[in-house]
Amino acid sequence: MATGFLTDTTVCIGCKACEVACKQWNQLPADGYEFTGDSYDNTKQLSGSTWRHVAFIENPKKRRLTGDVDLVALAEDVTEQLPGGAELDALGRWAFMSDVCKHCVEAPCQQACPTGSIIRNEFDNVYIQPDICNGCGYCVPACPYGVITQVPEDGRAFKCTLCYDRQRDGLEPACAKACPTNSIMFGDVEDLKELAEQRVAELHNKGYTQAYVYGTPEVGGTGGIGGNHSKFILMDEPETYNLPKHPFLPQEKFRGGVIASAVAATVLGAVVAWAFKD
Amino acid sequence: MSEEAVSGQQRNGRPKTSHHPETDPERKDKNYYGIPPIKHAHWTWQIPIYFWIGGLGAGAHMFSTVAQLLGHEDEALQRASRYTVLVTMILSPILLIWDLGRPERFLNMMRVLKLRSPMSVQSWSLLVFGNLAGLLAARQAAKDGLLGRDNVLARLAVRLIPDRLLSVLALPVGLNVGSNTGNLLSATSVPMWARNWLFMGPVFLASGLSTALSWLSLVLNLTRSGEAKTLRVLHRAERATILVEAVLIVASLARMGRWSKPLFSREVVPLFVGGTLIGAILAPFALLTGRESRGKSIIASLLALVGGLMFRFAMIRGGRISADDPEAYFTFASGESAPQPEDAV
Ligand code: SF4
Ligand code: SF4
């Protein structure tokens, strides 16, 4: 059975419980006290020590909020009637998204790894064996989603294990367990796929026609990656969530590069041989 | 829109309140507060230097093997080439292991052979080529009397190590060491590298051969050894290789298109235009055409060698800038430009 996540960003309230639960269960170190000044999100991104990251995306009605802004007036001024009777004030709305390793079907990081440290485990999750990784770091630029990262203090690469240890004990991953809104769902990928389609259909019915599933072979899991076992329901363009619309499997062209190099080697050999001619 | 705003590196230094990009009318790009969507490689100086000496070793072996096969037996050339390859193949693993996060686990590279992982292919190629080069150098050393004159072992080495056979066997592996440095970069998600998958291996190979030819002629010039013909051939081959390299660099730039921008950024432009285009291509080519002189040849060699190193630094630094630029990655990974499985090789 292949397990995975379905992260429904439409119900996420940005509480960051998943981030904390993940850090706690996996005993990940703190990332330091960084203040971005950009939003309430000071985690910024996924890394070797942050395996769940909740992005805070502000949508303040395409209005530039700098200088003298009367926030109270903006908050009282209802500008938009949302489907289902909800109202949106001029301060706009927030979108939250709990990002995580996509557990790609054809995982670029796994293909890149020269030691064979990255494997697919019995739950069909992409798993780094920490006792084998030698910290070459080649998986890092291979990941099309910027997930996997080398931890400088440790030397090795780390990322979400999909709570391999918990799964083996029959538990769901810590983030899914902690999520109070069930934005993070865990289970069999086939079930989750159905669930995602139902949910998107439901959202479309309610009038939110922009909702879609990210992590399919059509969006997000493209270019030879074959989809992701960890999918998302998104309401905006992927780039808004710092995700690529059309990523690709970087190793796809390696064979082509080798053939081109062989041709080049032959040409250069001929050039050198020509130089010997008197 | 300033570079810093996009790179996400100095966002804290930006005076403007930064809401979501959409709210800032000056910013049309969509991304998450300018934070890079992919992570750059951590590689520091060891990797570009390794790329440089690896290419040099591969090129030197190629030249001496072609000379051998064409029946051009020049002892000085063979000697210079054998020892050069040996030294590069000793330094390469040292640099690579140095760069690992867990150097003591370097042997894990030999745990599996994965043809789909360019890094695995590189490790194995280095192992095979390094060992063959070691055998060839051992034979050379025995012949040169470095292992003692009347040593049984030395005589056995000369007798038992099949020079020509091993050279030919090592040739494709060595060439792969040279070109795979480029393919290794292109098999990542970094737009500038990935976009150029077709020419990345060839351009690194050509540049490696150019540095190798320069190195060999430098050694022969400085030690005043080798036949006159060898030097003549080296110069001619150098000129031709520089031409091939120039064509490949132009082709690479054309293929990279808008994603070649990092090569012309303030940080990389001295390395790329100054170091590579002028230092490794134009200047040595100019020096090698026209009347030949020993002085001119030595300067040309030095320029091409340093230029080759600059080229590798330019490619690595440029790749880092490319990976840190959300706009570059998102335009690249948005559809048409991304490599597709159904693309022809
Ligand atoms: S998202 Fe990145 S780290 Fe996760 S499986 Fe895919 S390539 Fe590997
Ligand atoms: S850093 Fe570790 S997991 Fe990543 S490619 Fe290297 S050996 Fe594999």
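**Exercise 1.** How do the residues of the shell around ligand 1 divide into nonpolar, polar and charged?

*Solution.* Keep in mind that this is a predicted model. Start with the residues that come nearest: of the 14 around ligand 1, these are Cys101(A), Cys104(A), Cys109(A), Cys143(A) and Lys159(A). Next, sort by type, remembering that Cys counts as nonpolar and Lys as charged. Run that over the shell and you get 11 nonpolar residues, one polar and two charged.

**Exercise 2.** Work out how helix α8 of chain A and helix α6 of chain B are oriented where their axes come within 10 Å.

*Solution.* As for handedness, the crossing is right-handed.

Then see who does the touching. From α8(A) come Phe254(A), Gly257(A), Val258(A), Ser261(A) and Ala265(A). From α6(B) come Leu175(B), Ser179(B), Asn180(B) and Asn183(B). Sorted by type, the contact has four nonpolar residues, five polar and no charged.

**Exercise 3.** Is Ala260(A) buried or exposed, and which residues of chain B does Ala260(A) touch?

*Solution.* Locate the residue first: Ala260(A) sits in helix α8 of chain A. Its relative accessible area is 14%, and the cut-off for buried is under 20%. Ala260(A) is therefore buried. Finally, leaving out residues up to four places away in sequence, Ala260(A) touches Leu198(B) and Pro202(B).

Terms used. Residues are numbered from 1 along each chain as its sequence is written. Chains are lettered from A and ligands numbered from 1 in the order in which they are written. This is a predicted model: local features need pLDDT of at least 70, side-chain atom pairs count only at pLDDT 80 or more; totals for chains, interfaces and linings use all residues. Side-chain values use heavy atoms; hydrogens and water are left out. Axes are lines fitted to C-alpha atoms, for helices over the stretch in contact, and angles run from 0 to 180 degrees between N-to-C directions. Helices (H or I, at least four residues) and strands (E, at least two) are DSSP runs, numbered from the N terminus. A crossing is left-handed if the near helix is turned anticlockwise from the far one by less than a right angle, and right-handed if clockwise. Contact means heavy atoms within 4.5 Å. Buried means under 20% relative accessible area, exposed over 50%, partly exposed in between (1.4 Å probe, protein chains only). A residue is near a molecule or strand if one of its heavy atoms lies within 4 Å of it.
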